[in-house]
Amino acid sequence: MEGKLKKFGFEDSEKIKKAPPSYSIKGVVSFLNEITNKDDHRPAISLGLGDPSHFKCFRTTAIAEDAVIEAIRSAKFNSYAPTGGIFPARKAIAEHLSNDLPYQLSPEDIYVTAGCKQAMEVTVKVLARPEANILLPRPGYRTYETFANLHHLEFRLFDLLPERGWEVDLDAVEAIADENTIAMVIINPGNPCGSVYSYEHLSKIADTARKLGILVIADEVYGHVTFGSKPFVPMGVFGSTVPVITLGSISKRWMVPGWRLGWLVTSDPTGLLQKCGIADSIENVLNPAPFSPTFIQAAVPEILEKTTEEFFSKTINILGAASAFCYDKLKEIPCITCPQRAEGAMFVLVKLNLSLLEDIEDDMEFCLKLAKEESLVILPGVTVGLKNWLRITFSVEQSSLEDGLGRLRSFCGRHAKKP
């Protein structure tokens, strides 16, 4: 080639480079897994991710597996799916969710997504506009913060109160909201807290949101995964009080996160979201987006309609027993405080008392040394918005949970300050 070569015009993105750290749960857990002691004769144990599908005791129902196989073998679902999902899937999801509501959802209220995470991003993207802000829980699932940053939507944090079962601090919500606040997010059952909100508390959330003139984004990916004294109540029950966008999936209740089947639902019997154009915007954002596999969508009616209570009860019994065991064992460790036993989801959030430990400055250093010394992976609280706390997953086989908590106790004992 003759002459001067033209300089390439591509380079890294300044926006991404300068963005705040996302504290990806998967990224942190992967890093901790990589630094576990490879010379340790014991197998590494991860109590860091909420993905129980790895374990035989949490295998999904054969009804779901057969439904997917049947959809594939029919050769009817190898094509692209329409925006929002195929009609039988939308209809089945509407009927399934309506069982818990005082009104009937229609298929037009349902948008099938590639997992709940896509539903989250679509919701944030639809609501983002100049000067607007959204209210997010702390502790919480920080992917909401990542999506807010990506779509230039300011976020403000309100606290959850451990002494009140991780309920929303509604006074704080009112204090940080202003005329540009558009929505608040609640996660129920709670990730990372393992909390389950009562009907009364959800009613107060709805009243507060109505008073502020904001909608509620209800992340219910762990819907019905409850094993305490409080039943799961969907936020959509209060859709006549305040517009609700409900996010969910089959990932957790059916133990199939890799199938990537979620939903975004306008739980809004008054039709306000339709009137103000939110519903049309959701479809516009989904038009160019990836979609959940068509054959998985085709299996949804069978999965939702025919899965037995026996399957759900088995899963709930295992998780309930694991939660109780985890709570009892954690109470035996002096440097760890567990505000309450988890009543839902797959996690418990515990506080570190660093004053009782030597050579450990914060939760991240605790988890780094734990991975190196004990080949045990636990999620540092900073990843979910609470420095010097830990999120522990109990949705594992009982033997792994027993071994993991034993290693945690040994580690804390070894690093305890000498009297």
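This is a tour of a predicted model, moving from its domains to one strand and then to its salt bridges.

Residues are numbered from 1 along each chain as its sequence is written, and side-chain values use heavy atoms, with hydrogens and water left out. Because the model is predicted, local features need pLDDT of at least 70 and side-chain atom pairs count only at pLDDT 80 or more, while totals for chains, interfaces and linings use all residues.

**Stop 1: the two domains**

Colour residues 1–59 and 310–415 as domain 1, and residues 62–306 as domain 2. These bounds come from an automatic or database domain assignment. Taken over C-alpha atoms, the centres of domain 1 and domain 2 are 25 Å apart. The contact (heavy atoms within 4.5 Å) involves 37 residues of domain 1 and 34 residues of domain 2.

The size of an interface is often given as the accessible area lost when the parts come together. Between domain 1 and domain 2 the buried area is about 2900 Å², and carbon and sulfur atoms give 63% of it. Buried area here is the accessible area (1.4 Å probe) that two parts lose on being put together, summed over both. Between domain 1 and domain 2 there are also 2 salt bridges.

**Stop 2: strand β7**

Select residues 215–219, which form strand β7. Helices (H or I, at least four residues) and strands (E, at least two) are DSSP runs, numbered from the N terminus. In β7, 5 of its 5 residues are buried, which means under 20% relative accessible area; exposed means over 50%, and partly exposed lies in between (1.4 Å probe, protein chains only).

In a regular strand the side chains alternate between the two faces of the sheet. In β7, Leu215, Ile217 and Asp219 point one way, and Val216 and Ala218 point the other way.

Val185 is the residue opposite Ile217 of β7. The chain gets from β6 to β7 through α8, in a right-handed β-α-β crossover. Right-handed means that, with the strands pointing away from the viewer, the path from the first strand over the helix to the second runs clockwise.

**Stop 3: salt bridges**

A salt bridge is a side-chain nitrogen of Lys or Arg within 4 Å of a carboxyl oxygen of Asp or Glu. By this rule there are 18 salt bridges.

Select Glu374 and Arg42, whose closest N and O atoms are 3.1 Å apart. Glu374 is in helix α13 (residues 363–374) and Arg42 in the loop between α2 (25–34) and β1 (45–47), 332 residues apart. Glu374 is buried, at 5% relative accessible area, whereas Arg42 is partly exposed at 25%.

Next select Arg414, which makes a salt bridge with Glu374 (3.0 Å, N to O). Arg414 lies in helix α14 (residues 398–414), so this pair with Glu374 in α13 ties together parts that are 40 residues apart in sequence. Arg414 is partly exposed, with 41% relative accessible area. Shared partners join Asp40, Arg42, Glu373, Glu374 and Arg414 into one salt-bridge network.

Finally, select Glu174 and Lys211, a salt bridge at 2.9 Å, N to O. Glu174 is in helix α7 (residues 170–176) and Lys211 in helix α8 (residues 199–212).

Technical notes
Pairing = 2+ DSSP bridges.
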